[in-house]
Amino acid sequence: MFLKDYFSTIYRSIKSLLTGMKVTGYYFTHPKEIQTEEYPDNRPTLKMADRFRGEVVMPHNENNEHRCTGCQACEIACPNGTIKIVTKQEIMPDGKKKKRIDTFVYHLDLCTMCNLCIVACPSDAIVMSQNFEHSVYDKKQLKKILNKPDSKLMDGVE
Amino acid sequence: MSLLLSFSFSSLASNIHNLLAAAISNSFLLLVTEMVITGITLISFLVVLCFFLGYMERRVAAFMEIRLGPNRVGPKGTLQIVADTLKLLLKEGLTPDSSDKFLFNLAPIIMVVASMMAIAPIAFAKDFQLYDINIGVLYVSAVSSLGVIGILMAGWSSNNKYSLLGAMRSGAQIVSYELSVGLSLISIVILSGSLSLGDIVMSQQNGWWIIKGHIPIIISFVIFVIASTAEINRAPFDLAEADQELTGGFHTEYAGMKFAMFLLSEYINLFIVSAIAATLFLGGWMPFHIGGLDSFNHIMDYIPSSIWFFAKTFLIIFIIMQFRWTFPRLRVDQLLTLEWKYLLPISMVNIILVTVMAIMGWHL
């Protein structure tokens, strides 16, 4: 019984060691499997993952219109105080006053890319972009205003 | 092409000898000059070899871990290791204040000297051997175990708990695995009937021992590779260094060139172990011969003997490198269990098998 255990231990360990060596040997002989991204060199062809969270951006359409209603749900949802929304009263052509955003301030240096603001947004006004090259020489450049100058709220978004 | 085929290290060596003999008439002076030339050639060869092995190890490791490895400095990263060596040269050779300074500085020298001494009886090519000592196998196994003194010295003199732990582990490990290495070497000595590495190579003219010796020799080859991996302190037996637990083990306190000497001796040891395995089990510089097929043997003879030797050596170096990048490190108790409960009894039984085989003449 002891000898049987002894030799079966040897057999099993050699088998498992050879299984491991087979894996490394396979990778060694198949350089196509290499996962390394040679980042600065492959910049033109670099493809980030679909759900990669680079930074918060506000998409604008060709008429310079965004979807942000200024409801401040994102500002409330943000755990770090990254987002600050300044609103203003705008007079519509029919004479009614409506709340519109003046500036959408986004502090990239405070953001942890937790995605809570995007989840909170009821009108899908903000999304996470794929851009990850954020380094700048001046900290002030990390404070971003997401709505473009003279941009308007898209029609039909309330 | 014919010039290339007729080239051999032995003719080169004898040409240099004739040239020097013509220039220097005093025989003692001639001997000293030749010794100095040999020493410088050997040391520069070993340094270049270590550069190559360092580069090879990084690339092999990278490819096995699906990475690229060094590929920025020089073409395909070949100059990376030169850059690293320059960095180590420029660093301060620090000696800790509370260390035993004499032993601390002596330890790396002992390591390098012990590993360089073991290269003497190795046959690099046909008739190209530094010193065909008639107890070559014994000499190599004796000298290569001197390295543990360097490790213990480094660990003790550093006055550092990690260094001491690493050195003590290394002592237990090398003393244990020496036995299996010796017993697997003996199995070849029994078959070839000689301790001289030159004679052992010549005894494999009609086939390498690993082919001629059937299963017992294959077992002792496997045991030799495992035990010698442990003896040169390479992963998965790198308990003496164990970066994750001991921050580098016995060479924790070393920096600069003293650290580089430990690295140098590690790679020289790797080369020696592989060269010994290639010489004893795979026929050294002997081309691949099959008894009876004369035309095939003749074609194999056209490949220079030095290429045969280095091809076999690097095959074993590659296998040991693959061990390092495949297997996880053993615990101390597992390490000793492997040696005392598995490798040693198996190699003892194996010795009996080989002896019976040699007496009955069952080998080819």
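Reader: What average pLDDT does chain A have, and what share of its residues score at least 70?

Author: Good place to start, since this is a predicted model. Chain A averages a pLDDT of 86, and 100% of the residues score at least 70.

Reader: Where in chain A is confidence lowest, and where is it highest?

Author: The lowest mean, 82, belongs to strand β7 (residues 152-153) of chain A, and the highest, 90, to helix α3 (residues 116-120) of chain A.

Reader: Which residues make the contact of α5(B) with α13(B)?

Author: From α5(B) come P108(B), M111(B), V112(B), S115(B) and M116(B). The α13(B) side includes K258(B), M261(B), F262(B) and L264(B). By class, the residues of this contact are nine nonpolar, three polar and one charged.

Reader: Is the crossing of α5(B) and α13(B) left-handed or right-handed?

Author: α5(B) passes α13(B) in a left-handed crossing.

Reader: Now to the strands of chain A. What makes β3(A) and β4(A) a pair?

Author: Count the bridges. Pairing needs at least two bridges between the strands, and nine join strand β3 (residues 83-91) to strand β4 (residues 97-107) of chain A, which run antiparallel.

Reader: How many residues lie between β3(A) and β4(A) in their hairpin?

Author: There are five, and G95(A) in the turn has a positive phi of about 90°.

Reader: Why is one side of β3 and of β6 in chain A left without a neighbour in the sheet?

Author: Look at the strand order. The open sheet has three strands, ordered β3-β4-β6 (chain A), with antiparallel pairing. β3 and β6 (143-145) stand at the edges, each with a single partner strand, so one side of each has no neighbour there. Neighbouring strands of this sheet are turned by 25° against each other on average, direction ignored.

Reader: Finally, how many residues does each chain bring to the contact of chain A with chain B?

Author: Chain A gives 13 residues and chain B gives eleven. On the side of chain A that touches chain B, seven residues are nonpolar, five polar and one charged.

Technical notes. Residues numbered from 1 in each chain as written. Chains lettered and ligands numbered in written order. Predicted model: local features only at pLDDT ≥ 70, side-chain atom pairs only at ≥ 80, totals over all residues. Left-handed = near helix turned anticlockwise from the far one by under 90°. Helix = DSSP H or I, 4+ residues; strand = E, 2+ residues; numbered from the N terminus. Contact = placed C-beta atoms within 7 Å. Nonpolar A, V, L, I, M, F, W, Y, C, P; charged D, E, K, R; others polar. pLDDT = per-residue confidence, 0-100. Axes fitted to C-alpha atoms, helices over the stretch in contact; angles between N-to-C directions.
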